[in-house]
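Reader: I would like to learn how to read a structure, feature by feature. Where do we begin?

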Amino acid sequence: MKFTKLFILLIALTVFIGCETKPATTANTNEANMNANANTNAEAQYTAQPLNVVDRPIKIQALMTERGEQETSEPELLVEMPKDGATINSSNVDIKVKVNGEVKMGKDAEGKGNHVHVILDNQPYAAHYMWNDGFELRNVTDGEHTLRMFVSRPWHESYKNEKAFKTVKFTVEDGKADEAKPTTDGNGNTMADAKSDNKKMEGADAEASTAGKVDFSKPFITYSRPKGEYKGEDAEVIMLDFWLSNAKLVGDGGDYKVQYVINDTQPQTLEKWQPIWLKGWKTGKNTIKLTLLDKEGNFVDNSDYNSTTREITVTK
């Protein structure tokens with residue numbers, strides 16, 4: 001009798017446990033299916049990467065050899081104006097720098113030469129070649145702004161020694177800028193679009209400009225190239241280049257990576273700080289997104305400066 005009661009009790013307990021665990025098993029299966037679907041959808045939003053990383057063009061290699069010590073030099077960029085932290089009561093802001101080192105600044109007979117990339121806030125750079133008298137940012141709107149400047153070679157590849165790069169924060173107060181007009185540099189370059197219009201200006205790649213809450217003591221990336229329009233031979237192989245601050249990439253012994261996405265294709269990762277050359281661009285508009293990640297692949301937040309998208313035009 002006792003054996004019979006014990007047997008019935010064991011059967012009841014088994015049924016009870018089975019009823020309790022079945023929903024949990026179903027839930028786990030559903031969750032696994034949802035995760036699988038999410039991963040599939042995440043992959044489906046990208047197409048295959050049609051571009052190939054190729055060697056530096058032969059003509060650039062030859063130019064590097066011809067330049068001799070200018071290639072191995074480590075130029076030093078010195079900012080005279082504006083001073084970091086300055087408050088300026090004008091919409092016109094004077095920019096003046098000097099470059100020390102074994103590099104010859106200015107254009108050669110072919111209109112090329114070493115120069116400085118100047119970036120207002122997180123906008124596309126303007127290239128400046130002659131620095132004897134500096135230049136002027138015009139119609140800068142009220143508020144805090146940033147400047148990032150670095151020395152570049154004739155084909156716009158940046159020098160990557162620490163002293164070749166400088167940052168400046170300044171504030172325009174009661175500058176009386178016309179917010180319906182863009183910020184320019186006086187040389188025909190648009191440095192930022194008007195605040196009143198968030199659409200891109202016709203023929204330019206600049207938008208409404210604000211400094212954001214960037215912290216220049218933390219890791220940040222500065223987008224440099226590609227930029228603008230590429231035609232003919234120059235459209236075959238295009239350089240991707242950037243400046244990296246307060247961080248090392250994993251391939252250089254650090255903890256960070258740089259991700260680039262071309263035209264919503266499969267993201268690619270760079271693990272060494274050096275330019276790459278890409279072949280296979282489509283004719284027409286192309287977008288490039290550059291993002292700073294930690295070694296686990298997480299976005300490194302620093303205002304909006306660590307994820308930048310630019311558009312270029314390729315004409316073949």
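**From one residue to the fold**

Author: Start with Thr-269, which is found in strand β16. Keep in mind that this is a predicted model.

Reader: Is Thr-269 buried, partly exposed or exposed?

Author: Thr-269 has a relative accessible area of 41%. Buried means under 20% and exposed means over 50%, so Thr-269 counts as partly exposed.

Reader: Which residues does Thr-269 touch, leaving out those up to four places away in sequence?

Author: Thr-269 touches Lys-257, Val-258 and Gln-259. Take Gln-259: its bridge partner in β16 is Thr-269. The two residues are 10 apart in sequence, and their C-alpha atoms are 4.5 Å apart in space.

Reader: How do I read strand pairing in general?

Author: Strands of a sheet pair through backbone hydrogen bonds, either parallel or antiparallel. Here, β15 (residues 256-262) and β16 run antiparallel, joined by 3 bridges.

Reader: What is the strand order of the sheet?

Author: The order is β13-β19-β18-β15-β16. This is an open sheet of 5 strands with mixed pairing. β13 (228-231) and β16 (268-270) stand at the edges. Each has a single partner strand, so one side of each is left without a neighbour in the sheet. From one strand to the next, the twist averages 30 degrees.

Reader: Now the interior. What should I look for?

Author: In soluble globular proteins, nonpolar side chains tend to be buried together. The largest nonpolar core in this model has 26 residues. Val-93, Ile-95, Val-118, Leu-137, Leu-147, Met-149 and Phe-170 have the most contacts inside it.

Reader: Which strands supply at least two residues each to this core?

Author: They are β3 (86-88), β4 (93-100), β5 (115-120), β7 (135-137), β8 (143-152), β9 (165-172) and β11 (190-192). The largest share, 4 residues, comes from β4.

Reader: What does Phe-170 touch, again leaving out residues up to four places away in sequence?

Author: Its contacts include Ala-86, Ile-88, Val-93, Leu-120 and Leu-147. A second, separate core has 24 residues, including Tyr-223, Ile-238, Ile-262 and Leu-290.

Reader: And empty space?

Author: Rolling a probe the size of a water molecule over the atoms shows where empty space is left. In this model, the second largest pocket holds about 270 Å³ of space.

Reader: Which lining residues are the closest to the centre of that pocket?

Author: Of the 15 lining residues, Glu-162, Phe-165, Trp-243, Ser-245 and Asn-246 are the closest. β9 and β14 (237-245) each supply at least two residues of the lining.

Terms used: Residues are numbered from 1 along each chain as its sequence is written. This is a predicted model: local features need pLDDT of at least 70, side-chain atom pairs count only at pLDDT 80 or more; totals for chains, interfaces and linings use all residues. Side-chain values use heavy atoms; hydrogens and water are left out. Two strands pair if DSSP finds at least two bridges between them. Axes are lines fitted to C-alpha atoms, for helices over the stretch in contact, and angles run from 0 to 180 degrees between N-to-C directions. A nonpolar core is a set of buried Ala, Val, Leu, Ile, Met, Phe, Trp, Tyr and Cys residues joined through side-chain atoms within 4.5 Å. Buried means under 20% relative accessible area, exposed over 50%, partly exposed in between (1.4 Å probe, protein chains only). Contact means heavy atoms within 4.5 Å. On a 1 Å grid over the protein atoms alone, a cavity is a set of points where a 1.4 Å probe fits but cannot get out, and a pocket is an open set with protein on both sides within 12 Å along at least five of seven lines; lining residues have an atom within 4 Å of a point. Grid points are joined across faces, edges and corners, and a volume is the space filled by probe spheres set on the points.
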